[in-house]
Amino acid sequence: MDYEFAFGEVFANADLLLRGIWLTAALWLIAFATALVAGLFLGIARGSTRKALNWVATAYIEVFRNTPVLVQLVWFYYAFPVLTGIQMSAFTAASLGLCLNTSAYCAEIYRGGLQSITAGQWEAGRALGMPYWTLMRRIILPQAVRRMVPAFTNRAVELAKMTSIASVITVHELMNEARTLATQSFLPLETFTVVAIIYFVLIWPGTVAASLLERHLAAKGA
Amino acid sequence: MGYEWDFSPVWRNAGPLLEGLGNTLWLSAWSILLGLALGLALALLRLSRSRIASVAALVVIEFYRNTPPLVHFFWYFFGLPILIGVSLSPFAAALLALSVQSGAFFAEIFRGGIVSIERGQWEAGRALGMSEARLMRRIILPQAVRRMIPPLMERSFELVKTTALAATLAYGELLYRAMVIASQSFRPLEIYTAVAVIFFTVLFLASLGMRHVEVRLRRGHR
């Protein structure tokens, strides 16, 4: 192993990687924010007593959880336009695919959290004459969301890792820029090592935060 | 939507697609086996009394848990050969990337399972004069393994989904075969839909199987 590392050239192209990091962050933020909203409605539908609603939500969740993300992104980028005649940009297709995928996982987190709230809370709210959504917003969600935070943080970490898959459908996020750089510089070893470290630095704090939150909640007995 | 579905390219290419599924499962099986072995080794190092071994294992586990799998696929395929002077086949690179990463996840499951056994069990074993190794084999592991099986299975399903990334290294698994066929037949919609259905069927059946095992494990515990 007398290979001479040439990290200098990788750092000389830091601007390329920084541009990639920026797009990775944008992809992550858009997909996560929209998935949190979509997931809430899916989670409620999944826990609904109405058969049709429940069935549709269950089917959606199972389909997205039981197929690879890469297949989903490829489907939205290459197959969906054939069906609808709408050609999305790679970034839009990736955001959509990642959002839908993450919303399926978030739905299960919401459902679990909502179920953990005792029936008495619902009954008390109803006895006060609160409408469903007010009760949900004022009484149930504030209690449930606190218990869900660690799970959502874990999901955010998973999503951050998933964004790299968007590189396959030509979104110029960090992983895609890394592939370009590795090819141009003939330095794949250095490039992918540096990029792996960048991802670690970006993602690891999330994992640490999730486990701290979990411990904090466990200590509070929530 | 006046699109006329035509699944004939899927049926015409059923042979290569099924072969691709076979390769997906082949890669999955070997990665799970190697990953379990690596995971057990990492867990034992992590639990060992030697501080250096424990910290080293922790670094490997945390690094691999907090970086995207796709980076590892590229690192092992394009980077590692430069370091060791031997080029790797797409299968070998994918196998390494998948098994090392899932090994990191498996290690945490093994460790969690062993740590979850109450201290009283250790003390009782010691009081009976059992050696450490015997105590582990006879008392701790039989109880811990029960708790490890569901998360180990869940992680293995994640791994099966991740094998789709091997398509980026042109390993002939299901998605790669589909990409080739889609570009020849100009029927991406039908072909990628078929791939999603195949993955879904395999993974959904597997998750039903897992639920069955979970129920049996719980019943056995009583």
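Read along the sequence, the elements of chain A follow the pattern α-α-α-α-α-α-α-α-α, giving 9 helices and 0 strands. Helices are DSSP runs of H or I with at least four residues, strands are runs of E with at least two, and both are numbered from the N terminus. The model is a predicted one, in which local features need pLDDT of at least 70 and side-chain atom pairs count only at pLDDT 80 or more, whereas totals for chains, interfaces and linings use all residues. Residues are numbered from 1 along each chain as its sequence is written, and chains are lettered from A and ligands numbered from 1 in the order in which they are written.

The C-alpha trace of chain A spans about 75 × 50 × 25 Å along its principal axes. Of the 222 residues in chain A, 38% are buried; a residue is termed buried if 20 or more other C-beta atoms lie within 10 Å of its own, exposed if 12 or fewer do, and partly exposed in between, with C-beta atoms placed from the backbone. Two residues are in contact if their C-beta atoms, placed from the backbone, lie within 7 Å. Among contacts in chain A with a separation of 6 or more, 76% are accounted for by residues 24 or more positions apart.

Chain B likewise contains 9 helices and 0 strands, arranged from the N terminus as α-α-α-α-α-α-α-α-α. The radius of gyration of chain B is 21 Å, well over the 17 Å given by the globule rule for 222 residues, so chain B is more spread out than a compact globule. This radius is taken over C-alpha atoms, and the globule rule is 2.2 Å times the number of residues to the power 0.38. The C-alpha atoms of chain B fill a box of roughly 75 × 50 × 30 Å along the principal axes. Buried residues amount to 41% of the 222 residues in chain B. Of the contacts in chain B between residues at least 6 apart in sequence, 74% join residues at least 24 apart.

The contact between the chains takes 34 residues from chain A and 34 residues from chain B. On the side of chain B that touches chain A, at least two residues each are supplied by helix 3 (51-65), helix 4 (69-84), helix 8 (174-185) and helix 9 (188-221) of chain B. Helix 9 of chain B gives the most to this side, with 11 residues. By class, the side of chain B that touches chain A comprises 25 nonpolar, 6 polar and 3 charged residues. Here Ala, Val, Leu, Ile, Met, Phe, Trp, Tyr, Cys and Pro count as nonpolar, Asp, Glu, Lys and Arg as charged, and the others, Gly among them, as polar.

Two helices of chain A were examined individually. Helix 7 (residues 132-162) of chain A spans only 35 Å between its end C-alpha atoms, whereas a straight helix of 31 residues would span 45 Å at 1.5 Å a residue; the expected span is 1.5 Å times one less than the number of residues. A kink of about 50° is located at Leu141(A), shortly before the proline Pro142(A). The bend at a residue is the angle between axes fitted to the seven residues ending there and the seven starting there. Buried residues of helix 7 of chain A include Ala144(A), Pro150(A), Phe152(A) and Arg155(A). Their cover includes helix 2 (14-46), helix 4 (69-84), helix 5 (90-115) and helix 9 (188-220) of chain A.

For helix 4 of chain A, the 16 residues should span 22 Å at 1.5 Å a residue, which agrees with the 21 Å between its end C-alpha atoms. Gly85(A), which follows helix 4 of chain A, has a positive phi near 80°.

Most residues other than glycine have a negative phi. Phe186(A), in contrast, has a positive phi near 55°. Phe186(A) lies in the loop between helix 8 (174-185) and helix 9 of chain A and is exposed, because 12 other C-beta atoms lie within 10 Å. In chain B, Phe186(B) has a positive phi of about 55° and lies in the loop between helix 8 and helix 9 of chain B. Phe186(B) is exposed, with 10 other C-beta atoms within 10 Å.
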